[in-house]
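Open the model in your viewer and keep the selection tool at hand. We will go stop by stop.

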Amino acid sequence: MRRLLRIVRQPFALPVLAGGWQRVVPVLLAIGTVCVLSGLTIIWAARLTVPYPVYVSELGAVGAPTAFPFKVALLLIAAGGFSVALASGHVRSSVRALNRWAPAASLGFAALCFVLASQVTCTAYCPVPLVDPASTLQDLVHTVSAVVGFAAACFAMLQVAFATGLPRVARISLASCVAVAVITIVGGMLALVHVATDIGAWLELVGTTVAIAWMAAYALALARTPAGDRGSLDAPELAETDSSDQEAIVG
């Protein structure tokens with residue numbers, strides 16, 4: 001049973017898949033980096049065409065001239081997130097509470113949320129769900145998917161912050177997690193109370209930038225990790241489980 005659990009949690013650790021996985025990882029990381037940075041560039045380019053402060057989601061609002069670029073940007077970010085997630089399935093957190101699942105699962109779930117947010121955009125001017133009487137179910141779906149997606153991405157940052165074998169990206173991950181959480185929470189609160197919304201809009205854009213830039217930094221850090229060292233990024237308890245499995249087989 002423990003052997004089966006290990007296979008489910010780390011399928012690329014199997015010898016039959018390890019060789020092919022090692023060859024495809026650099027390609028996935030390259031694709032992920034290009035996609036997320038391209039998505040970020042499109043978001044900034046779209047934002048700079050708007051002469052007044054707007055929240056990121058407003059760029060994709062129904063009827064907005066930047067709606068199509070916004071959709072493309074989110075899909076690129078989602079594709080990049082999926083690529084990085086597939087390439088980082090071997091990374092585990094060393095903290096038991098954060099090791100219920102791999103950071104790759106958190107990133108993959110965040111990417112799914114961004115796909116939904118790209119297809120279900122908010123209505124004109126993005127009224128705040130449940131607070132603004134003008135808000136609709138469409139606004140609620142978009143906002144929830146975007147917020148949950150960012151939360152999942154932040155959790156992935158926290159998991160990587162305590163991953164073994166990646167000291168540099170671990171420090172960046174912890175700083176990014178705190179920055180994104182604080183910045184987006186403050187920006188969101190300003191939107192809810194309709195106070196200093198211009199500042200809140202810029203804060204949200206900065207938080208989005210930090211989160212996307214972190215994915216690129218994470219991908220680059222993994223790309224610089226020697227192929228032979230990637231297996232050493234597992235959590236200690238997984239290694240112990242594998243050792244006990246081998247002993248059981250020998251016995």
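How far is the sulfur of C154 from the closest cysteine sulfur, and in which residue is that sulfur? Select C154 and C177. The model is predicted, and in it the two sulfurs are 5.0 Å apart, too far for a bond. A disulfide needs sulfur atoms within 2.5 Å. While you are here, check the surroundings of C154. This residue is buried, with 12% relative accessibility.

**Stop 1: the whole chain**

Zoom out and show the cartoon. The chain holds eight helices and zero strands. Read along the sequence, the pattern is α-α-α-α-α-α-α-α. Now colour by burial, if your viewer can. Of the 251 residues in the chain, 45% are buried.

**Stop 2: the disulfide**

Which two cysteines form a disulfide? Select C122 and C126. Their sulfur atoms lie 1.6 Å apart, and the pair is a disulfide.

Next, select C35. This cysteine is buried because its relative accessible area is 13%, and the cut-off for buried is under 20%.

**Stop 3: the loop between α4 and α5**

Stay with C126. This residue sits in the loop between α4 and α5. Look at its backbone angles. Phi of C126 is positive, about 45 degrees, although the residue is not a glycine.

Now select L130. This residue is also in the loop between α4 and α5. Its phi is positive too, near 65 degrees, and L130 is not a glycine.

L130 has 76%, so it is exposed.

**Stop 4**

Turn to the aromatic rings. A pair of rings is described by the distance of the centres and the angle of the planes. The count for this structure comes to four aromatic pairs. We visit two of them.

Select W44 and W202. Their ring centres are 6.3 Å apart and their planes meet at 40 degrees, so the pair is tilted. Now trace where each residue sits. W44 is in helix α2 (residues 15-48) and W202 is in helix α7, so the pair ties together parts that are 158 residues apart in sequence. W44 is partly exposed, with a relative accessible area of 28%. W202 is partly exposed as well, at 36% relative accessibility.

Now select W214 and Y218. Is this pair stacked or tilted? The centres are 5.1 Å apart and the planes are at 10 degrees, so the pair is stacked. Both residues lie in helix α7, four residues apart, which is about one turn of the helix. Both W214 and Y218 are buried.

Which part of R47 sits over the ring of W202? The charged end does, 4.4 Å from the ring centre.

**Stop 5: a contact across the chain**

Select A111. This residue is in helix α4. At 2% relative accessibility, A111 counts as buried.

**Stop 6: the largest pocket**

Last, show the pockets and pick the largest. About 1100 Å³ of space lies in it. Its lining has 48 residues, and the closest to the centre are Y55, T143, V147, G188 and E204. Select those five and look at them together.

Which elements give two or more residues to this lining? They are α3 (67-87), α4 (103-119), α5 (137-161), α6 (167-193) and α7 (197-223). Colour each helix in turn. The largest share, 11 residues, comes from α5.

Finish by colouring the lining by residue type. How does the lining divide? There are 36 nonpolar, nine polar and three charged residues.

Key
Residues are numbered from 1 along each chain as its sequence is written. This is a predicted model: local features need pLDDT of at least 70, side-chain atom pairs count only at pLDDT 80 or more; totals for chains, interfaces and linings use all residues. Side-chain values use heavy atoms; hydrogens and water are left out. On a 1 Å grid over the protein atoms alone, a cavity is a set of points where a 1.4 Å probe fits but cannot get out, and a pocket is an open set with protein on both sides within 12 Å along at least five of seven lines; lining residues have an atom within 4 Å of a point. Grid points are joined across faces, edges and corners, and a volume is the space filled by probe spheres set on the points. Ala, Val, Leu, Ile, Met, Phe, Trp, Tyr, Cys and Pro count as nonpolar, Asp, Glu, Lys and Arg as charged, and the others, Gly among them, as polar. Buried means under 20% relative accessible area, exposed over 50%, partly exposed in between (1.4 Å probe, protein chains only). Rings of Phe, Tyr and Trp (its six-membered ring) pair if their centres lie within 6.5 Å; planes under 30 degrees apart count as stacked, over 60 as edge-to-face and the rest as tilted. A charge sits over a ring if NZ of Lys or CZ of Arg is within 6 Å of the ring centre and within 35 degrees of the ring normal.
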